[in-house]
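Hi,

Here is the structure I said I would pass on. Have a look at it first, then read my notes below.

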Amino acid sequence: MRLLSKLILITLGGIIITTAVAGYFTFIFTKSALQKTIKDQQEELGRQTMDKISRLLYERYIDIQSIAEEEDLEEYLTKGGDRKSPERRMNELRFLSGPWDILFAVDKNGTIVLSTKKEESGTQKKVQAEPFSLIAFNAALAGKPYYSDIIVSDDTGRRTIIFAAPVRNEDSPKKPIVGVVVANLSWPAINEIVFTIPAPLATHLHDKNGVLIAANEPIAQNMLFQESFRDNPAIARALKGEKGFIIGPGMTHKSGSGQAMKTDDASPESLISFLQEDGYLGFRGNGWILSIETPTDIAFAPATDTAWNIVLLMFPIILFSAALTMAFLNRFIVRPVTDFTEVTNVIAEGDLTKRAEIKSKDEIGKLAKSFNTMADRVQDSFNILRTDKDRIETLMESIGDGVMAIEPDGKIILWNKAAHDISGWPKEEALGKNFHDILKLVRENDKKDNSGFIDTAMKTKTAQTMANHTALVRKDGKEIPVGDSAAPILDANGVLQGIIVVFRDVTEERIIDKAKEEFVSIASHQLRTPLTAIKGYAGMLLDQDAGPLNEKQNEYLREIKIGNDRMIGLVTALLNVSRIDLGVFAIEPQQVNFEEIAKEIFKELAEEISVKNLHIETDYDKNLPEINADAKLIRIILYNLLANAVKYTPSKGFVSFRIQKQNHHLTITVADSGYGIPKDAQSKIFTKLFRADNARQKDPNGNGLGLYIVKAIVEASDGKIWFESEENKGTTFYISFPLGGMKKREGTRMLQ
Amino acid sequence: MQTKPLNKKILIIEDEISILNGIADKFAFVGFSALKAGNGEEGLVRALKEHPDLILLDYRMPNMDGLTMLSRLREDSWGSGARVIMWSNSHSAGTIERAKKLGVLDFLVKSDWEFKNVVEKVKEVLNMN
């Protein structure tokens with residue numbers, strides 16, 4: 001998942017959870033707080049309403065006492081007299097204060113002397129006829145203003161509260177009571193107050209028995225003055241003097257017929273605030289109870305709604321700030337990371353030059369910086385490696401010889417330009433293939449596979465040379481002569497990693513060699529032809545074919561012959577040397593008996609030996625095997641050494657010849673007691689045309705090539721030659737010759 | 001000095017005039033009938049005409065070298081049995097190989113052999129000793 005998505009998910013998740021929790025609690029608390037406010041408000045309303053009622057009643061209470069102090073009334077009740085004036089006053093007062101349903105005055109005997117009710121006026125009705133009024137009268141007569149609870153008036157037949165106050169004679173010193181004024185409160189005044197409270201608040205006024213005396217619900221009107229709501233928990237508590245609120249079942253609900261019914265439960269849960277009348281100043285009240293009830297869903301609706309609204313208002317705000325946060329996070333964290341990732345991608349794709357932009361100093365910036373440093377290093381290493389690789393490739397491609405590298409399984413992993421040129425197989429076609437399919441090496445004569453040297457190199461982990469007369473079959477089928485070698489590629493632990501095969505077109509070489517050989521051949525032929533003629537004619541003259549010779553003629557002719565023979569020997573030696581140098585002399589091994597050859601040579605040298613009276617010793621090993629060697633070449637070796645020994649030993653000296661068989665080789669020892677090789681000549685004794693001074697003295701005819709040729713042949717046989725010598729004491733030559741003999745070699749020429 | 005004739009014919013095929021004359025003289029001195037040819041072609045003609053007892057054959061010659069001449073000679077019925085000794089200064093393993101295949105009786109290196117020794121050799125080969 002993308003970083004931004006993760007970020008959004010986490011932020012969103014966090015915000016949603018936080019918001020949900022915060023919202024929930026905000027809602028709860030706000031609702032709770034608002035509900036409290038609503039409850040308080042409702043209570044307050046109740047209190048104010050109750051207050052109004054109490055005040056009203058209090059004012060009436062004061063009013064009746066004021067009325068009781070009316071002079072007209074006082075005078076009439078004291079002295080009597082004209083009724084009309086105080087009656088009129090009373091009618092006035094009925095509206096001026098109050099309003100009263102009825103207002104009447106009673107004398108101290110109980111006779112209603114004045115009344116706003118016309119029927120009563122002047123009838124001398126007794127107050128005893130009205131029980132409630134009587135109570136009022138008696139109370140006032142006792143000297144104190146009186147008020148009743150709600151009653152139905154005897155007089156008017158209407159609900160009312162009776163107020164009464166004593167009328168006193170102010171003039172008299174003791175202010176005796178002369179009468180009582182009684183008034184009936186107009187009940188609508190109270191109702192009015194109750195009705196000021198609007199629906200849906202259901203206001204109920206109960207008397208001290210819990211009976212409903214006023215309500216603002218039209219539907220409750222039929223319940224007035226009937227049943228007591230004393231059992232209602234709110235009312236019950238109010239009756240105990242408590243005030244406050246409960247949440248409980250409402251007191252009234254509509255029945256199906258639209259009539260209000262008293263209920264105890266199963267009516268909508270309501271907020272019911274209640275209180276009991278406290279009175280007002282001097283007016284103690286009747287212990288009435290005011291309750292206001294509102295179904296909670298209506299009452300608390302504002303709370304819930306407001307809380308909801310607040311919470312809902314939160315959401316856009318929170319979402320907005322969340323979006324803002326995420327935008328900032330995106331800008332400062334996600335985007336740098338994305339940009340950075342982009343850069344790493346570009347680099348991973350191969351563009352090592354790309355670098356991250358460092359835009360900030362925070363951890364991301366540091367990361368970018370480190371990354372850049374690392375990328376620099378990688379690029380440098382890469383460049384170095386590439387330079388090296390390029391260099392190696394250039395080297396490879398510029399090598400004139402074909403270079404092929406293969407893995408141990410034979411798969412070609414390297415194929416340079418020269419390999420392509422020589423074989424005709426381009427690199428793309430050669431790489432990855434098994435070399436047997438591409439590099440076809442065959443024997444020139446029978447076209448048999450000749451790539452065995454590669455397998456040998458692999459098996460033995462040593463370098464191997466291509467066999468002579470190997471040809472490469474090109475892609476187009478043409479054959480070209482090739483030469484060179486295979487070498488193993490070993491790692492640090494000596495484990496075979498592959499083989500490098502180098503091959504070159506030797507056509508040119510062959511041609512050159514052939515030309516050289518031809519030249520030498522022709523040269524030797526050209527040199528020998530005149531020498532042959534001289535030899536022939538000189539011989540014939542010496543044979544006296546052209547007539548007899550005198551002594552001098554014989555002598556001179558001998559000199560010619562000797563000189564000529566020397567020349568011939570030199571030419572032959574030079575020819576051999578040239579063949580040795582070219583490496584083209586043939587080796588044809590056969591079973592050779594060294595002893596036999598040695599004995600033949602001794603026979604040839606017999607004359608000189610006897611002339612010089614030399615002592616010869618020979619020692620042939622009893623177990624001397626026949627060696628696989630080229631007889632001609634062995635002969636050359638032995639002849640040279642033995643002839644030298646004989647030549648360079650003075651009369652009466654000795655020459656010994658020994659052949660011994662060792663474990664892996666023959667040791668041939670040729671020793672003489674001759675003139676020896678001077679120290680300063682010893683290092684050069686095997687070089688071409690070298691003759692030590694003493695040797696030249698003793699035999700001016702030598703050509704200085706013999707030992708060079710001997711050494712070359714010995715070494716071509718994988719043998720060794722060395723010597724010990726002291727001037728005028730003698731010389732001993734040693735040859736170590738491998739028992740395995742000489743390896744067959746095809747050469748164009750044989751040594752003579 | 002003339003010796004009594006041996007009644008043997010020898011054909012010498014050699015391109016070097018002085019050597020040819022010299023060796024022919026030598027053979028004549030000893031009593032051979034010495035025939036001369038200066039190149040392979042001439043030698044082939046004379047061989048087939050004269051049927052010599054032995055042919056002394058050089059290798060390097062213009063107008064047909066010795067071995068080509070020999071192979072041609074062998075195609076002839078008489079030629080296939082003619083006695084031939086190769087007498088040359090230049091030789092290689094290959095030349096000797098071919099010469100052997102063409103049935104030469106010997107191969108002599110000119111510069112190593114005195115004329116008189118060549119004569120001895122020929123006599124030996126012809127069982128004349």
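In chain A, 60% of the contacts with a separation of 6 or more are between residues 24 or more positions apart; a contact means heavy atoms within 4.5 Å. Keep in mind that this is a predicted model, where local features need pLDDT of at least 70 and side-chain atom pairs count only at pLDDT 80 or more, while totals for chains, interfaces and linings use all residues. Residues are numbered from 1 along each chain as its sequence is written, chains are lettered from A and ligands numbered from 1 in the order in which they are written, and side-chain values use heavy atoms, with hydrogens and water left out.

Chain A has 21 helices and 26 strands, which are DSSP runs numbered from the N terminus (helices: H or I, at least four residues; strands: E, at least two).

Now for one sheet to look at. It is open, with 5 strands in the order β21-β23-β24-β26-β25 (chain A) and mixed pairing; two strands pair if DSSP finds at least two bridges between them. At the edges sit β21 (615-620) and β25 (720-726) of chain A, each pairing on one side only. β25(A) and β26 (residues 730-738) of chain A run antiparallel, joined by 7 bridges, and I721(A) is opposite I735(A) in β26(A).

Helix α16 (residues 594-604) of chain A packs on this sheet and touches β21, β23 (654-661), β24 (665-672) and β26 of chain A. Helix α18 (residues 631-647) of chain A packs on the sheet too, touching β23, β24 and β26 of chain A.

Cheers

Key. Axes fitted to C-alpha atoms, helices over the stretch in contact; angles between N-to-C directions.
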